[in-house]
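Dear colleague,

I am passing on the structure below, followed by notes on what was found in it. Please read the notes with the coordinates open beside them.

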Amino acid sequence: MRVDEVIFGEVAQPPEASNVARVISLLVGIPKEKRAYTLSRNCASGIESATSAAEKIQAGLDEVVIAGGTESMSNIPLFYNREATKIFLQLSKARTLTEKLACFLKFRPRHLLKPEVGLTLGLSDPTCGLNMGQTAEVLAKEYGLTRAEQDEFALTSHKRVQAARAKLKEEIVPVHVPPKFEKAVTEDNGVRENLSLEDLAKMRPYFDRATGTVTVGNSCQVTDGACALLMMKEELAKSMGYTPLGYLRAYTYVGVDPSRMGIGPAYAIAELLKKTDLKLKDIELLEINEAFAAQVIACERQMEKDGVGKINRDILNVNGGSIALGHPVGTTGNRLILTLLREMKRRNLRLGLISLCIGGGQGAAVLLER
Amino acid sequence: MAMTHNLKLRFENGFAVVEFDQPDSKVNVLSSESMAELEGILAQLRARQDSEGKALKGLVLLSQKPDIFIAGADIKEIEKISSPAEAEQKARAGQKIFSALEDLPLPSVALINGACLGGGMELALACDYRLAAHSDKVRMGLPEVKLGVIPGFGGTVRLPRLVGLRKGLEMILSGNPVSAQAALKIGLVDGLASSQRLLTEGMELLSKMKGKRRHYGPKLKGFSDVFLDKNPLGRALLKSQTQKFVWKNTKGQYPAVLKALETVAGNYPAARGARGASDEAYQREAKAFGQVASGEISKNLISVFYMMEKYKKAKWVEAAPRPIGKCAVLGAGVMGGGIAQLLSHRGHPVRMKDINLGALGRGLRQAWDVFYGAVKKRRMRPNQAALGMGLISPTADYSGFSNADLVIEAVVEDMKIKKIVWKEVASQVKPGAIIASNTSCLSVTEMAEALGAAPERAVGMHYFNPVHRMPLVEVIRAAKTSDETIATLVEFSKALGKTPIVVKDECGFLVNRILLPYLNEAGLLLEEGVRFEKIDDVLLDFGMPMGAFILMDEIGLDVGYKVAALLEAHFGERMKVSHIFKAIHEHGWLGKKSGRGFYIHERKKRRPNPGVYTLLPQRPESAMGGKEILQRMLFKMVNEAALCLEEKICREASDVDIGMIMGTGFPPFRGGLLRYADTVGGAKIVEALEKMKEKTGSPRFAPCGYLVNLAKTGKGFYR
């Protein structure tokens with residue numbers, strides 16, 4: 001077994017698997033002597049695992065790494081709030097029956113019946129106080145984006161995924177659903193067939209009910225998913241008889257204002273191009289994660305404004321994106337690398353770029369080559 | 001004082017330390033010799049204690065063998081017992097020595113570092129205190145009933161005294177040992193310590209306890225525990241309920257279990273809580289031991305025990321085995337899913353392939369049900385099940401097969417399909433990977449031809465259904481199978497916890513070839529007008545784990561018919577399939593899986609299916625007696641087994657017996673099919689077969705040359 005290390009990105013780590021990468025590694029039968037760790041850079045965790053792998057390989061610390069991302073957003077638990085947790089803690093410390101009884105009597109229905117939703121907590125920014133949808137609203141207002149252009153963008157995503165079903169299937173491993181195993185999940189279930197602009201227009205703004213333009217229809221879907229890449233140096237891959245899918249050429253992460261986190265890609269792409277001495281027009285295929293339609297369009301505007309260039313929508317997210325597929329946060333970055341490289345192979349292209357906005361106010365961009 | 005071989009006495013920090021270390025052996029067993037040595041040491045200690053005015057602080061007993069305290073009494077000595085009186089006298093002698101240990105005027109502790117079974121357990125029970133190691137190797141129990149005897153050195157008195165009547169009965173009647181953790185929980189041991197610190201902590205325990213044990217009361221929790229232990233009514237209830245349970249499970253065929261129940265329950269009120277139980281209790285135990293130890297059943301069970309031990313270790317060929325890591329299973333049916341579960345449970349990553357996702361789902365379900373069924377019964381922890389499921393990866397193509405060291409093919413029993421699949425596999429695996437078929441009767445040699453090259457890696461690996469429960473694996477040597485391949489699969493089977501037998505590649509191999517004629521005979525008897533319920537009752541009374549028709553319902557009447565038809569195609573007239581099997585499966589009654597076969601299967605219940613008789617021509621009910629029914633079925637098997645020996649399908653009679661016991665559940669207390677045949681006698685069997693042949697006019701009863709020869713020379717299969 002040549003794998004030295006397994007690295008997985010994940011945002012909401014399950015309480016029963018503190019280091020989920022290690023659990024994955026052991027469950028798939030990688031020898032226990034090998035290493036594994038889990039990391040998080042919020043929405044870019046799946047990219048961070050790949051770039052960390054590249055760093056470790058370049059530093060000579062690892063030769064072969066499995067770098068991936070995993071997220072089960074349907075399994076994020078509910079929590080007792082702080083007040084209730086405190087009473088439970090006191091209860092566990094109580095020695096005598098009277099003490100225990102006294103603790104019990106402190107419970108009120110609100111403690112037990114109003115749990116905090118882990119998913120909501122995870123999708124909110126504790127520093128700026130906004131949830132992710134609200135940060136998209138900030139951008140929509142700042143850049144003057146209309147509801148119609150956001151809905152149109154969303155519709156394109158659905159249409160492109162539908163058209164690319166067969167292509168996407170190539171990168172999907174069927175998953176049987178326990179305990180009956182009667183059904184195997186073989187394709188993404190977020191896509192709405194026959195979706196129309198009218199359907200999208202009917203939806204009410206979700207994050208700013210009165211004046212907003214961001215709806216659940218033009219936002220990414222909450223979903224489960226996992227992805228993994230086998231990474232090593234070119235010479236080693238060739239000596240082992242593998243044909244590389246592609247090369248990770250350069251990457252960058254930038255910080256932005258947390259309340260405008262969706263704008264991250266605009267700055268990350270600009271910086272990466274500068275770093276690699278490339279122009280936007282050199283990029284033959286582009287993926288910008290669709291956290292929100294508003295956020296991607298805002299990035300386009302900002303890049304034009306900064307003179308980085310105008311994005312050609314014909315090469316952007318050609319097989320659709322997270323609005324139709326869903327955005328399992330820790331996974332998406334990793335999947336974008338895979339999806340882009342496979343499409344570059346189909347089209348026989350040389351240079352591609354993926355970029356993601358990151359909750360908490362960051363942007364990530366990776367330059368891929370083949 | 002005479003020199004001692006097995007036991008060594010030394011003195012340390014004011015304690016007497018007795019070390020058990022049987023020379024030239026990996027284990028310690030209690031033989032007459034070591035018992036005599038113990039008696040001498042105890043007498044010496046007693047004299048010293050009396051003369052020096054209680055100078056010693058205590059006695060520590062320990063083992064010098066890693067992971068073994070004392071594995072039990074010397075079975076060879078039990079085997080040699082020829083009369084109840086001799087057995088009783090032996091038990092009395094042992095009891096006397098252990099009572100001397102219990103009555104020694106200094107406190108004693110047994111340091112249990114591993115297996116502490118049978119006589120070894122009884123020795124530990126005679127000590128004042130017991131300290132066990134924190135180790136998975138610690139197993140404490142009284143497995144005597146498994147050899148058809150009962151504990152004879154005071155175990156039936158001292159174990160319930162310590163752990164209570166309910167727990168005591170459970171341990172003695174089941175014969176199942178408990179772990180160190182469980183032993184602590186039920187009060188069987190007084191503490192646990194790390195293996196390295198056992199001696200130190202044993203001495204500390206004795207110092208702390210300041211003298212002999214004063215309290216023997218079991219740890220009782222809750223009302224029912226107390227009621228069943230302290231109240232005469234409760235005890236009577238426990239006894240009668242246990243008796244019912246034992247009858248239901250053994251049908252009275254394991255007299256030692258009933259004898260043990262009688263002895264334990266009879267002694268209990270007297271033994272409860274008392275330091276020195278009355279000698280009457282021990283006398284009763286010795287008498288009961290005498291009654292079972294000299295019996296036929298015990299002799300048979302002991303011979304089966306030896307046989308199993310021998311086959312667990314047997315090497316079969318001289319070649320060195322290769323290690324097996326990753327595996328692949330082809331076909332995700334009941335057998336494929338079951339095999340994948342077995343492999344992954346033992347830590348092997350498994351690729352499971354079938355033609356579509358639906359089929360793969362059923363294979364995964366099969367494995368899942370076994371894993372989580374065990375979790376539900378608390379035989380496995382949830383994490384073990386999750387890990388096991390994780391190691392099985394389904395695939396609809398051959399990806400990953402190139403990593404496999406072993407491919408096990410378990411597709412449908414159709415030579416055409418097998419050959420196609422084998423050809424495909426050959427192009428996917430790495431050179432040197434072993435390719436095994438889980439076929440139950442098809443020719444592995446023929447499959448090997450499809451490989452194209454390197455037929456030495458082709459072999460049969462025949463599991464029995466359900467895979468996780470049946471302990472036998474038939475390793476089938478095809479025409480060109482190499483010794484290395486055989487050695488690898490033999491060792492691999494053992495590593496999976498199975499017992500392998502190596503057999504020749506001939507239709508039906510060994511077990512099915514002998515079993516199918518037996519099942520077929522049941523069908524033919526039914527056609528002759530014998531009611532199938534009656535046939536099953538006769539077989540159950542003989543000790544078969546289930547009747548022939550119930551067994552066929554379990555196997556599945558479609559699968560059973562297919563195998564029977566293949567055997568008929570190969571062997572002809574001798575194995576002509578009974579019409580009823582064709583009729584019933586064509587009627588859509590497939591047995592348990594379809595809810596209806598010879599029996600109607602309802603939730604946890606079954607009753608005979610009267611519809612079966614409508615499939616048969618009208619015929620008056622036969623008046624055939626149980627003995628004749630039994631002879632027809634058993635002697636048919638004996639004859640086929642003899643033919644297998646004649647044709648060298650296997651090497652010797654014990655191959656047949658181990659195969660039938662472990663592969664079909666032939667009753668171990670009968671000693672095995674051929675050992676049973678020996679007790680009947682070859683001449684008598686031949687005579688009976690000739691009579692059957694005459695009566696039925698069928699050549700299937702013609703005794704084979706091997707059997708006729710035994711009858712002529714007066715020899716047995718074993719002698």
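The radius of gyration used here is taken over C-alpha atoms, and the globule rule it is compared with is 2.2 Å times the number of residues to the power 0.38. This is a predicted model, in which local features need pLDDT of at least 70 and side-chain atom pairs count only at pLDDT 80 or more, while totals for chains, interfaces and linings use all residues. Residues are numbered from 1 along each chain as its sequence is written, and chains are lettered from A and ligands numbered from 1 in the order in which they are written.

For the 719 residues of chain B, a compact globule would have a radius of gyration near 27 Å, and the 28 Å of chain B agrees with that. Its C-alpha trace spans about 85 × 60 × 55 Å along the principal axes. Chain B has 29 helices and 19 strands (DSSP runs numbered from the N terminus, with helices being H or I of at least four residues and strands E of at least two). Buried residues make up 51% of chain B, where buried means that 20 or more other C-beta atoms, placed from the backbone, lie within 10 Å of the residue's own.

Chain A has 15 helices and 12 strands. Its radius of gyration is 22 Å, close to the 21 Å that the globule rule gives for 370 residues, so chain A is as compact as a globular protein of that length. The C-alpha atoms of chain A fill a box of roughly 75 × 55 × 45 Å along the principal axes, and 44% of its residues are buried.

Within chain A, helix H7 (residues 132-142) is largely enclosed by the rest of the structure, because 8 of its 11 residues are buried; among them are Met132(A), Glu137(A) and Leu139(A). The buried residues of H7(A) pack against helix H13 (293-305) of chain A, contact meaning that two C-beta atoms, placed from the backbone, lie within 7 Å. Just after H7(A), Gly144(A) takes a positive phi of about 65°.

Two helix pairs in chain B may also interest you. The axes of H28 (residues 682-696) and H29 (residues 705-713) of chain B come within 7 Å and cross at roughly 130° (axes are lines fitted to C-alpha atoms, for helices over the stretch in contact, and angles run from 0 to 180 degrees between N-to-C directions). That makes H28(B) oblique to H29(B), since angles under 35 degrees count as roughly parallel, over 145 as roughly antiparallel, 65 to 115 as roughly perpendicular and the rest as oblique. Gly682(B), Ala683(B), Ile685(B) and Val686(B) of H28(B) make the contact with Leu707(B), Val708(B), Leu710(B) and Ala711(B) of H29(B). For H5 (residues 155-163) and H6 (residues 165-174) of chain B, the axes come within 7 Å and cross at roughly 135°, which makes H5(B) oblique to H6(B). Here Thr156(B), Leu159(B), Pro160(B) and Val163(B) in H5(B) meet residues of H6(B) including Lys167(B) and Met171(B).

Finally, the contact between the chains takes 11 residues from chain B and 12 residues from chain A. On the side of chain B that touches chain A, helix H15 (357-376) and helix H16 (382-391) each supply at least two residues, and H15(B) gives the most, with 6 residues.

With best wishes

Key: Buried ≥ 20, exposed ≤ 12 C-beta atoms within 10 Å, placed from the backbone.
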